[in-house]
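Subject: Structure handover

Hello,

Here is the structure I promised to pass on. Please open it beside this email and follow along.

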Amino acid sequence: MKVRAPPVRGAGEELLAMARQHILVTGGAGFIGSHLVERLLAEGHRVVVIDDLSTGRLSNLKAVTRHPELRIRIERVSDCRDLPRLARQAHCIYHLAAAVGVQLVARFPIRTIHTNLRETEALLAAASRGQTPVLLASTSEVYGKSGKPLFSETDDLLIGPPNFGRWSYACSKLMDEFLAMAYAQERGLPVVVARLFNTVGPRQTGRFGMVLPRLVAAARAGKPLEVYGSGRQTRSFCWVGDTVEALVRLQNLPAARGLVVNIGGTEEISILDLARRVRQACGSRSIIKRIPYRRVFPGDFEDLQHRCPDLRRLRRLTGFRPRTPLAEIIRRLVVET
Ligand SMILES: NC(=O)c1ccc[n+]([C@@H]2O[C@H](COP(=O)([O-])OP(=O)(O)OC[C@H]3O[C@@H](n4cnc5c(N)ncnc54)[C@H](O)[C@@H]3O)[C@@H](O)[C@H]2O)c1
């Protein structure tokens with residue numbers, strides 16, 4: 001039988017004792033996953049990563065590849081024959097594996113839907129056998145075309161029609177959320193859903209449409225900074241270290257189980273202004289070029305005009321909110337990546 005660390009009280013929160021744990025991380029060779037794995041190993045935990053390297057890279061884990069407490073399994077979550085055993089042995093699971101990136105999602109909607117549904121189903125089924133706590137990484141995309149200034153976890157969701165490929169990501173991640181809640185309700189699975197807004201930092205690749213790494217790479221290379229659409233759409237950005245901090249706090253907080261919780265930055269900026277600031281920070285003379293969506297995304301495409309999280313729930317539960325200002329985020333991206 002699995003022995004779980006007893007709950008303790010600290011700073012008004014119910015936190016699990018930070019005893020050494022066995023932790024399973026799906027998507028652990030990805031951008032956010034690799035930062036999470038480093039953090040968990042640094043805390044003294046034993047970590048098993050399952051990653052098929054579809055968008056992740058082993059080099060993301062190069063700082064810890066030889067760590068004696070790290071095991072890496074290169075395979076799909078749903079193909080992993082040891083999944084039931086690994087899930088049973090784990091004290092908790094972070095489920096980050098997913099088809100990610102606006103360009104990849106718009107181009108391969110079948111792969112997106114299959115990956116996000118099948119892998120999550122396999123993971124939740126395995127976790128529920130041993131009642132292993134799961135943190136499921138979801139996305140702010142599920143808020144769809146909401147016009148609200150701040151997106152809150154209890155909002156109704158307004159997703160676009162199925163002939164627009166991008167909504168396959170939102171819909172499949174939303175089904176993951178429903179599935180997680182269904183496992184919580186019917187099988188008593190301890191699960192928390194983290195709705196991540198744009199997260200940025202080292203190792204994020206611009207290959208699949210992530211805006212900040214793409215702009216930084218273009219500015220450095222003296223190439224045009226391509227802004228899709230009018231550039232007036234706004235976004236907010238969260239430093240990956242802040243995201244990881246929030247994920248770890250939520251996972252270790254029994255009071256968060258059964259809840260959806262936003263994680264993100266709150267400083268909004270238009271993509272056009274973002275391009276200007278990146279150009280300035282890089283000392284680049286690149287031009288900024290607006291590109292119509294139809295030239296970048298196949299088929300019909302809709303973009304979101306703005307996207308900013310309401311973080312009151314995160315703060316109430318964990319006492320934490322992301323704290324890295326946008327200026328510092330841009331500076332670090334330019335200097336450290
Ligand atoms: N980065 C962001 O801004 C952001 C925003 C919202 C939500 N998220 C969510 O956070 C999670 C991590 O995203 P990321 O930005 O680190 O992306 P990422 O692409 O770097 O990480 C995803 C990882 O999952 C792996 N993977 C994909 N399918 C798999 C499968 N079937 N089996 C095993 N591994 C598989 C990939 O190889 C990759 O390493 C995802 O669930 C994503 O939906 C990220």
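Predicted model: local features only at pLDDT ≥ 70, side-chain atom pairs only at ≥ 80, totals over all residues.

**The ligand**

Start with the shell around the ligand. It has 30 residues, and Phe31, Asp51, Thr55, Tyr169 and Thr199 come nearest. By class, 13 of the shell residues are nonpolar, 11 are polar and six are charged.

Now look at the ligand's oxygen atoms. The side chain of Asp51 has an N or O atom 2.5 Å from one of the ligand's oxygens. On its own, the ligand has 810 Å² of accessible area, and the protein covers 95% of that.

Which elements supply at least two shell residues each? They are α1 (31-42), α4 (109-130), β7 (134-139) and α5 (167-187). Strand β7 gives the most, with three residues.

**Helix α7**

Next, find residues 240-251. This is helix α7, with 12 residues. From first C-alpha to last, α7 reaches 16 Å, close to the 16 Å expected. Of its 12 residues, 10 are buried, so the rest of the structure largely encloses α7. Among the buried ones are Val240, Asp242, Leu247 and Gln251.

**Salt bridges**

The count comes to 19 salt bridges.

- Arg307 and Glu141: their closest N and O atoms are 2.5 Å apart. Arg307 sits in the loop between α9 (293-296) and α10 (312-318), and Glu141 in the loop between β7 and α5, so the pair ties together parts 166 residues apart in sequence. Both Arg307 and Glu141 are buried.
- Glu177 and Arg195: here the closest N and O atoms are 2.8 Å apart. Glu177 is in helix α5 and Arg195 in strand β8 (residues 191-196), so this pair links distant parts of the chain, 18 residues apart. Both Glu177 and Arg195 are buried.
- Glu328 and Arg331: the closest N and O atoms are 3.1 Å apart. Both belong to helix α11 (residues 326-336), three residues apart, and about one helical turn separates them. Glu328 is partly exposed, at 24% relative accessible area. Arg331 is also partly exposed, at 40%.

Salt bridges with shared partners join Arg39, Glu43, Glu245 and Arg249.

Best wishes

Note on methods: Residues numbered from 1 in each chain as written. Heavy atoms only, no water. Near = heavy atom within 4 Å. Polar contact = N/O pair within 3.5 Å; in protein donor to acceptor, adjacent residues only side chain to side chain. Areas by Shrake-Rupley, 256 points an atom, 1.4 Å probe, with all protein chains shown as cover. Helix = DSSP H or I, 4+ residues; strand = E, 2+ residues; numbered from the N terminus. Nonpolar A, V, L, I, M, F, W, Y, C, P; charged D, E, K, R; others polar. Expected span 1.5 Å × (residues − 1). Buried < 20%, exposed > 50% of the residue type's maximum accessible area, 1.4 Å probe, protein only. Salt bridge = Lys/Arg side-chain N within 4 Å of Asp/Glu carboxyl O.
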